[in-house]
Number of protein chains: 2
Amino acid sequence: MGDNYRGFSVTIEKLLEEKKYASLRDILTTINPADIALIFAEIQEEKLPLLFRLLPKELAAEAFVEMDEDMQEHLIRGFSDAELKAVVDELYVDDAVDIVEEMPANVVKRVLKQADPELRKMINEILKYPEDSAGSIMTTEYLSLRPQMTVEEAIKRIRRTCVDKETIYTCYVTDQNRTLIGMLSLKDLLVADDDDIVENIMETNVICVETHTDQEEVAQSLSKYNFMALPVVDKETRLVGIVTFDDAIDVIEEETTEDIEMMAAITPTDKPYLKTSVFEIWKKRIPWLLLLMISATFTTLIISSFESALAAQLVLTSFIPMIMGTGGNSGSQSSVTIIRGLSLDEIEFSDILRVIWKETRVAILCGLTLAVANFFKLILFEGVEVAISLTISLTLLITVLVAKVIGSSLPMLAKKIGFDPAVMASPLITTMVDALSLLVYFTTATALLNL
Amino acid sequence: MGDNYRGFSVTIEKLLEEKKYASLRDILTTINPADIALIFAEIQEEKLPLLFRLLPKELAAEAFVEMDEDMQEHLIRGFSDAELKAVVDELYVDDAVDIVEEMPANVVKRVLKQADPELRKMINEILKYPEDSAGSIMTTEYLSLRPQMTVEEAIKRIRRTCVDKETIYTCYVTDQNRTLIGMLSLKDLLVADDDDIVENIMETNVICVETHTDQEEVAQSLSKYNFMALPVVDKETRLVGIVTFDDAIDVIEEETTEDIEMMAAITPTDKPYLKTSVFEIWKKRIPWLLLLMISATFTTLIISSFESALAAQLVLTSFIPMIMGTGGNSGSQSSVTIIRGLSLDEIEFSDILRVIWKETRVAILCGLTLAVANFFKLILFEGVEVAISLTISLTLLITVLVAKVIGSSLPMLAKKIGFDPAVMASPLITTMVDALSLLVYFTTATALLNL
């Protein structure tokens, strides 16, 4: 979709130059807010405030939410107080919180000043919760019903108040203490008879999360139960907010990116790549590169200590990269599989013995295949001596076994002791597998070749 | 959540043994279908049919959908025709399709025989679409309205027909040829006046996908626009189905797992790890391990051809793993960042020059940091000669540069020529970076050390 709009932004800039504001407004109102944000990203910054003013109020706010923080900040700085208020008034509270969290203090102050007192109170409420908790991503604009209402009353209430609610399709039933006692979908209400009582048709076994639940767990629950929204309660099971499916999708994508980055030894970041400065990218990558470089000292030490053996059989050197590479690949196949299984809740710590047993058998199969293939390749095509070919093949078998067992068990142990499996596993596994495979290689060589 | 239910299954097995069916039914009806599927997975297979019969009809069908295919097959084989019909009658058409796709032919035949003719027709319709297309994951049970209806008529129609629809919260407006001409949300209907005409309040700029659109693109669109459902049209823009957000979440998780597996050189699979046999796992992993092992022949050849230089300065050998490791890590940092950016649509092929320029600067920063740190480490702590330390540091700088440029540009080129960036990038990058870093090392060494 993005690519299609590159051309569009040229048209828009042209119309803007020719001051054809009526046509511009007509065009913009046919475009979805998410696409407007994409188009705006292609247009020169100084033209944005004028263009933004052409958007109808509601569309303007919706498009604003979809923009990246730099553009939002630029626009806010250009807004008059009245313009800012018009945008802020249209925001859902969770979107307002996202904006406030990203902006510098002086901008935040202006935004909060324009927010009406109720919205300001809700924003401050949500800002109290720790980052990445259910509380921090929830919205407080949910629809609540009372147990004694009739279906007719409930539907009337929904029709009256729904403009301000982020979702009206799941309704929560609370008692006079705001305790969550049930839920029902708008669909349940619509199929029921007008004089049915909410209490009698509601689902009382409500799945909910606490304000401090980790956002990843919230998203996984939503995905597991196929819910449109999940209620968030405080310690006294009072309903304080809801998390909707669209926020859950964002969390899933964000957390997956984090996992992937950690597996590739990068400190995770929220910012899109093209928006991140060279220096910031360097800061995210260099600590791991340094750590891994320094931990490679082990491999240097191991090779040095076998220098005399290597001097006697210099050909052994040329197979070091192949052996270490195969070890690394085998290990990362296992660790990545297990890390993904853990984060999708398909694997739990209690499965550790099953996992290790399974990986052991897979490793033996893989190791044997590689060893046999390598043995014949060396003897038939490269004319390597039998004893040396045997040494290398035996090393491959043992290395694959070691790599797969370490690669599968370390992530699970990391999770057990409260570390993120992805962050802990990747550098540690690489270092251990590299060092161990060299040790295996030289020990086998010394034994088989009488060095 | 999963862990909590391990204890639960013991309780249930006990009640089953004691034949306390009434209590069992009471307990089961309070549990969410997704959790019932998890609990059933912990219970002995032969007890499942009896337990399943205790569930109320609707809950039984919902839990059935959540089960894995082995359990579904086991249950279907145990069902009488009447029992099978009861479950099939309650299924949404997209869930029925999922089940039919996974089962062996004789089971499929029984399922289709029990489905009523209309459902059977819809299932066969969807089965025609290619795997992983919008058509194959859509449901045909959507809600459509006519443009001339009043809001009152529309709401009445929704209340009358909504039991059979997968979602009633987004309504699509079609003309007499089933062409999609507009959409509106149930919320729009509820805030409108009873005698408003649908045509006048509907959104006419409808974002939709075609039946052949790739499922990953469908999921990305849904996530981008925060839609609850996306309409699927045929080539004549006739509405044929919808894809709902819960299916989109599944697609996102499935596609991400695929990306992650391919980056770790594993052939992707849909099956959860613990359900996959050792032999199947071996089949997914061994081709890549073999390919990578054989392509490591390059590194062996390069080392062999510099054997005399190495014999003169044996100490060079001991730094080979560190240099190759740093190259590999630098390359995978870049390739993984770019692959993720591509799959989240944050980066497009037209950005290739910006990306390479950014990676070049990051690489110079990273390379310089590593080279300087390494130089002082070697001289001060390990007593390595200055000339050799310089050789190694210079090699590091060039290797990091090469690795990051290759790591960032190959995935983009792969995407451009229609390959999956993840599958093409990972093994090729490893092989190229390994070989190139050795070449750089030995060339630098030969030049600087006069070998």
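Two strands pair if DSSP finds at least two bridges between them. I wrote that down before anything else, as my first entries are about strands. The model I am reading is a predicted one.

**Entry 1: a hairpin in chain B**
I looked up V173(B) and asked which residue is its bridge partner in β3(B). The partner turned out to be G182(B). Stepping back to whole strands, I found β2 (residues 170-174) and β3 (residues 180-185) of chain B paired in the antiparallel sense, over five bridges. β2(B) and β3(B) form a hairpin, and five residues lie between them. In the turn I noted R178(B), which has a positive phi of about 70°. A reminder to myself for looking at strands: side chains in a regular strand alternate between the two faces of the sheet.

**Entry 2: the sheet in chain A**
Next I went over to chain A, where three strands make an open sheet with mixed pairing, ordered β1-β2-β3. Which strands stand at the edges? They are β1 (144-145) and β3 (180-185) of chain A; each has a single partner strand, so one side of each lacks a neighbour in the sheet. Strand β2 (residues 170-174) of chain A runs antiparallel to β3(A), and five bridges join the two. I also picked out T170(A), which stands opposite S185(A) in β3(A).

**Entry 3: two helices in chain B**
I then checked how α5 (residues 57-66) and α7 (residues 81-90) of chain B pack. Their axes are 8 Å apart and the angle is about 75°. Angles of 65 to 115 degrees count as roughly perpendicular, and α5(B) and α7(B) are therefore roughly perpendicular to each other. On the α5(B) side the contact uses K57(B), E58(B), A60(B), A61(B) and F64(B), while α7(B) brings A86(B), V87(B) and E90(B). By class, I have five nonpolar and three charged residues in this contact, and no polar ones.

**Entry 4: where the chains meet**
How many residues of chain B are in contact with chain A? I noted 88, and they meet 88 residues of chain A. Helix α20 (residues 320-343) of chain B gives the largest share of chain B's side, with 14 residues. That side of chain B divides into 47 nonpolar, 23 polar and 18 charged residues.

**Entry 5: confidence**
Last, I looked at the scores. The model has ipTM 0.80 and pTM 0.81. Chain A has a mean pLDDT of 88, with 98% of its residues at 70 or more. Within chain A, confidence is lowest in helix α1 (residues 4-17), at a mean of 77, and highest in helix α21 (residues 352-381), at 95.

Terms used:
Residues are numbered from 1 along each chain as its sequence is written. Chains are lettered from A and ligands numbered from 1 in the order in which they are written. This is a predicted model: local features need pLDDT of at least 70, side-chain atom pairs count only at pLDDT 80 or more; totals for chains, interfaces and linings use all residues. Axes are lines fitted to C-alpha atoms, for helices over the stretch in contact, and angles run from 0 to 180 degrees between N-to-C directions. Helices (H or I, at least four residues) and strands (E, at least two) are DSSP runs, numbered from the N terminus. Angles under 35 degrees count as roughly parallel, over 145 as roughly antiparallel, 65 to 115 as roughly perpendicular and the rest as oblique. Two residues are in contact if their C-beta atoms, placed from the backbone, lie within 7 Å. Ala, Val, Leu, Ile, Met, Phe, Trp, Tyr, Cys and Pro count as nonpolar, Asp, Glu, Lys and Arg as charged, and the others, Gly among them, as polar. pLDDT is the predictor's confidence in each residue, from 0 to 100.
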